[in-house]
Amino acid sequence: MKVAKTGNEAMAEAMRQINPDVVAAYPITPATEIVMIFSQFVADGLVDTEYLAAESEHSAMSACIGSSEAGARVMTSTSSQGLALMYEMLYVASGLRLPIIVAEVNRALSSPINIHGDHSDTMGARDSGWIQIFSENSQEAYDNLIQAVCIAEKARLPVMVSTDGFIISHCMEVIDMISDGEVKKFVGEYKPERYLLDIKRPYSCGALDLQDYYFEHKRQEAEAMINSKNIILGVAAEFEKSFGRKYGFFEEYRLSDADVAIVCLGSTAGTTKFVVDKMRQHGIKVGLLKPRIYRPFPYAEIAKVLSKVKSIAVLDRSDTFSSYAGPLFTEITSCLYTAGVNVKAVNYIYGLGGRDIGIENIEYVFKELLKISEGKYAANIVNYLGVRE
Amino acid sequence: MEKKLGWKNLPQNDILEAGTAKDFKTGDWRSQRPVHNPEKCISCFICWINCPDSAIIVKDGKVIGIDYDHCKGCGICARECPPKVSAITMEPEKK
């Protein structure tokens, strides 16, 4: 069914259809409206969810962890400082291997104070053992959130599904919603192997785990992340079979015969597609690679699809302040290097704190890339796009 | 020597079967030991409720003593025992 929804509404509607057992949240700025909309669904009796308003995001995630360990299907939503405040508990959720789902709206981190769209918050959590899925638009946010439930429960890992703050979260677009019944059938019933409220099979969890066992448990977590790759593809195939929309680790847009390509996450991919089409009309062979799954990072698969282009520009909507490059750039170049793919790569850090990225910016990057691939031009490896000098 | 499991065979996500605390003797942590006087004790169970280590032994509806294998000597039982009763006193642990 085609309906006009903001990104926030799309995520909240997906949550309504998933009908989780527990939602614990702190739905105040910098969180977006997702949980506020969802709490209305709770008040209106449209869901069976136990809704818990916590006193902070740290407590919200703690309550999610407790509920999940008790055997509930659990979701929450946050953003920016909120995700940052959850940081300690994110590691507990993944370490306890709990399939908690977070609808995360990518927003900048203070200071200076700014709640607009960039990827700093989500990138800060990239090593926390959570599966991370980036969405280009509201439709993807909706579809990804539904798939996340199945991925999390099969992989026994928490999942965060992100959209770009304001650009997607607050803008209205037409999305194709799946019927309530079909979503219910797709996500199925949550049947945890062990859960604390199962009094017939009691157990202890989260116990002290010192030098002689901690490492083995972390190795299991690493293995779970490796194994989640096939699970992610399996759920995507199932989703495509049921609803017709195709998903994978990434989307290749006019990439197969491209000379140069941009690699970027989230909503900027939409702008890039527009520019790719425009330049293709003039016979310029440009393309796009849009990673969807950031954790686990599809190293080998990305190296393979980028092996045929002459040069790439990786666009990062966050900085690592490492005196080098953005997080996506270091992942991409790492996978190219280890796969023995020698493609010239440059990095553009852009859009921090919600700074707009327009078609002229993308066109500029493609033109620079074309110069690089002709060998005429030695660019800086790391560049700041759209900042005033 | 204890044979430790590798990551492939360990239970996932650091879970332990219930009740393992019973096998872990913490009694030697004590610097003071609670001594229970059954003649004074009125079996009000205030010590039993408050003991963080479930170390108050109860049998047939009566407090009968202290589980010294697990009591860490925190003194809560002695402190919470009603002053008029004072059935538990803390004494230095003999080394």
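**Close-up 1. A:Y203 and its partner across the chain boundary.** In this predicted model, A:Y203 stands opposite B:E17, a residue of strand β1(B). The strands concerned are β9(A) and β1(B), the latter spanning residues 15-17 of chain B, and they are joined by three bridges and run antiparallel.

**Close-up 2. The contact between chain A and chain B.** The contact draws 15 residues from chain A and 12 residues from chain B. On the side of chain A that touches chain B, the elements that give two or more residues are β9 (203-205) and α8 (214-243) of chain A. Of the elements on this side, α8(A) gives the most, contributing four residues. Sorted by class, the residues on the side of chain A that touches chain B comprise five nonpolar, four polar and six charged.

**Close-up 3. Helices α1 and α2 of chain A.** Helix α1 (residues 7-18) and helix α2 (residues 34-43), both of chain A, have axes that come within 8 Å and cross at roughly 40 degrees. Because of that angle, α1(A) is classed as oblique to α2(A), and the crossing in which α1(A) passes α2(A) is right-handed. On the α1(A) side the contact is made by A:N8, A:E9, A:M11, A:A12, A:M15 and A:R16, and on the α2(A) side by A:I34, A:I37, A:F38 and A:F41. Taken by class, the residues in the contact of α1(A) with α2(A) are seven nonpolar, one polar and two charged.

**Close-up 4. Helices α6 and α8 of chain A.** Helix α6 (residues 138-155) of chain A packs with α8(A) at an angle of about 135 degrees, and the axes of the two helices are 9 Å apart. An angle over 145 degrees would count as roughly antiparallel; the angle here is about 135 degrees, and α6(A) is therefore oblique to α8(A). The crossing of α6(A) and α8(A) is right-handed. From α6(A), the residues A:D143, A:Q147, A:C150, A:I151, A:K154 and A:A155 take part, and in α8(A) they meet A:A224, A:N227, A:S228, A:I231, A:I232, A:V235, A:A236 and A:F239. By class, the contact of α6(A) with α8(A) consists of nine nonpolar, three polar and two charged residues. Helix α8(A) also belongs to the view of the chain boundary, where α8(A) gives four residues to the side of chain A that touches chain B.

Terms used:
Residues numbered from 1 in each chain as written. Chains lettered and ligands numbered in written order. Predicted model: local features only at pLDDT ≥ 70, side-chain atom pairs only at ≥ 80, totals over all residues. Contact = placed C-beta atoms within 7 Å. Nonpolar A, V, L, I, M, F, W, Y, C, P; charged D, E, K, R; others polar. Pairing = 2+ DSSP bridges. Axes fitted to C-alpha atoms, helices over the stretch in contact; angles between N-to-C directions. Parallel < 35°, antiparallel > 145°, perpendicular 65-115°, else oblique. Left-handed = near helix turned anticlockwise from the far one by under 90°.
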